[in-house]
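Please prepare a briefing on the structure shown below.

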Amino acid sequence: MHTKPNIRHECDFYGWTQEQAAILREMSGKETRLDVANLAEEIEDMGRTEIREITSLLRQTVAHLLKLTVEPGSQAKDHWFDEAVTFQSDAVASFSPSLKQRIDVEKIWRLASNEATRILENHGTQVPEFPSVCPLSLDELLVEDFDPKVAIGALSAAIYPANKPPV
């Protein structure tokens with residue numbers, strides 16, 4: 001028997017996991033051989049994995065963009081640029097629309113800022129103070145035609161508002 005694929009499963013995996021877990025929980029107490037409570041929990045966990053994956057990819061994207069902003073002349077700049085592009089495109093490919101309210105851009109910013117700071121300082125780079133609020137929105141980070149140079153420009157303007165970044 002061939003069933004029609006669930007479009008929500010394909011287009012909004014996170015939303016689908018939450019919906020399916022809720023449906024399973026509605027079955028609780030009904031006569032079934034299914035382990036409803038554990039199935040619901042496992043399906044919800046699959047959705048939480050999506051959140052962790054997107055958060056990790058965006059954190060890595062922002063950390064690489066910050067390193068490029070602070071140390072544009074680094075020998076590692078091409079590697080950082082390539083990694084930022086790859087992480088960002090992987091985030092876009094994995095993103096589900098219903099995740100939008102679940103992604104904490106400010107937490108991503110804090111973690112990426114700390115990561116970039118520690119790595120740069122370890123390499124002897126003087127790191128400026130980063131803004132307390134992320135200069136990039138979630139929509140800007142998840143745009144399909146993402147341009148790292150535009151993002152670096154926005155970060156540079158936020159980090160070095162009165163002067164030019166180091167060369």
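The model is predicted. The protein chain contains seven helices and zero strands, so that its pattern along the sequence reads α-α-α-α-α-α-α under the DSSP assignment. Three salt bridges are present in the structure.

**Overall fold**

- The protein chain has 167 residues, of which 38% count as buried.
- About 10,200 Å² of the protein chain is accessible surface, and carbon and sulfur atoms account for 52% of this area.
- When contacts between residues at least 6 apart in sequence are considered, 71% of them join residues at least 24 apart.

**Nonpolar core**

- In soluble globular proteins, nonpolar side chains tend to be buried together.
- The largest nonpolar core of this model comprises 37 residues, and the members that touch the most other members are L58, L65, L66 and I103.
- At least two residues of this core come from each of α3 (36-70), α4, α5, α6 (138-141) and α7 (148-159).
- Helix α3 provides the largest share of the core, with 10 residues.
- Leaving aside residues up to four places away in sequence, L66 is in contact with W109, A112, S113, A116, F130, L155 and I159.

**Helix α2**

- Helix α2 covers residues 13-26, and its 14 residues should span 20 Å at 1.5 Å a residue; the end C-alpha atoms are 20 Å apart, in agreement with that expectation.
- The buried residues of α2 are F13, Y14, G15, W16, T17, A21 and L24.

**Helix α4 and S94**

- Helix α4 has 18 residues, and the distance from its first C-alpha to its last is 26 Å, close to the 26 Å expected at 1.5 Å a residue.
- Buried positions in α4 are W80, A84, F87, Q88, A91, V92 and S94.
- S94 belongs to helix α4, which runs over residues 77-94.
- S94 counts as buried because its relative accessibility is 18%, which falls under the 20% limit.
- The side chains of S94 and E53 are joined by a polar contact of 3.1 Å.
- Beyond residues up to four places away in sequence, S94 touches E50, E53, I54 and L57.

**Helix α5 and N114**

- N114 is located in helix α5, residues 105-122.
- With a relative accessibility of 39%, N114 counts as partly exposed.
- N114 and F130 are 16 residues apart along the chain, and their C-alpha atoms are separated by 9.5 Å.

**Salt bridge between E115 and R59**

- Side chains of opposite charge can pair when their charged atoms come close.
- E115 and R59 form a salt bridge in which the closest N and O atoms are 2.2 Å apart.
- Because E115 lies in helix α5 and R59 in helix α3, this pair ties together parts that are 56 residues apart in sequence.
- R59 has a relative accessibility of 22% and therefore counts as partly exposed.

**Salt bridge between D139 and K100**

- A salt bridge joins D139 and K100, with 2.7 Å between the closest N and O atoms.
- D139 lies in helix α6 and K100 in the loop between α4 and α5, so the pair ties together parts that are 39 residues apart in sequence.
- D139 is partly exposed, its relative accessible area being 48%.
- K100 also counts as partly exposed, at 36% relative accessibility.

**Salt bridge between R118 and E121**

- The side chains of R118 and E121 meet in a salt bridge, at 3.0 Å from N to O.
- Both R118 and E121 lie in helix α5, three residues apart, which is about one turn of the helix.
- An α-helix has 3.6 residues a turn, so residues three or four places apart point the same way.
- R118 counts as partly exposed, with 46% relative accessibility.
- E121 is likewise partly exposed, with a relative accessible area of 42%.

How values were computed. Residues numbered from 1 in each chain as written. Predicted model: local features only at pLDDT ≥ 70, side-chain atom pairs only at ≥ 80, totals over all residues. Heavy atoms only, no water. Helix = DSSP H or I, 4+ residues; strand = E, 2+ residues; numbered from the N terminus. Buried < 20%, exposed > 50% of the residue type's maximum accessible area, 1.4 Å probe, protein only. Polar contact = N/O pair within 3.5 Å; in protein donor to acceptor, adjacent residues only side chain to side chain. Contact = heavy atoms within 4.5 Å. Expected span 1.5 Å × (residues − 1). Core = buried A, V, L, I, M, F, W, Y, C linked by side-chain atoms within 4.5 Å. Areas by Shrake-Rupley, 256 points an atom, 1.4 Å probe, with all protein chains shown as cover. Salt bridge = Lys/Arg side-chain N within 4 Å of Asp/Glu carboxyl O.
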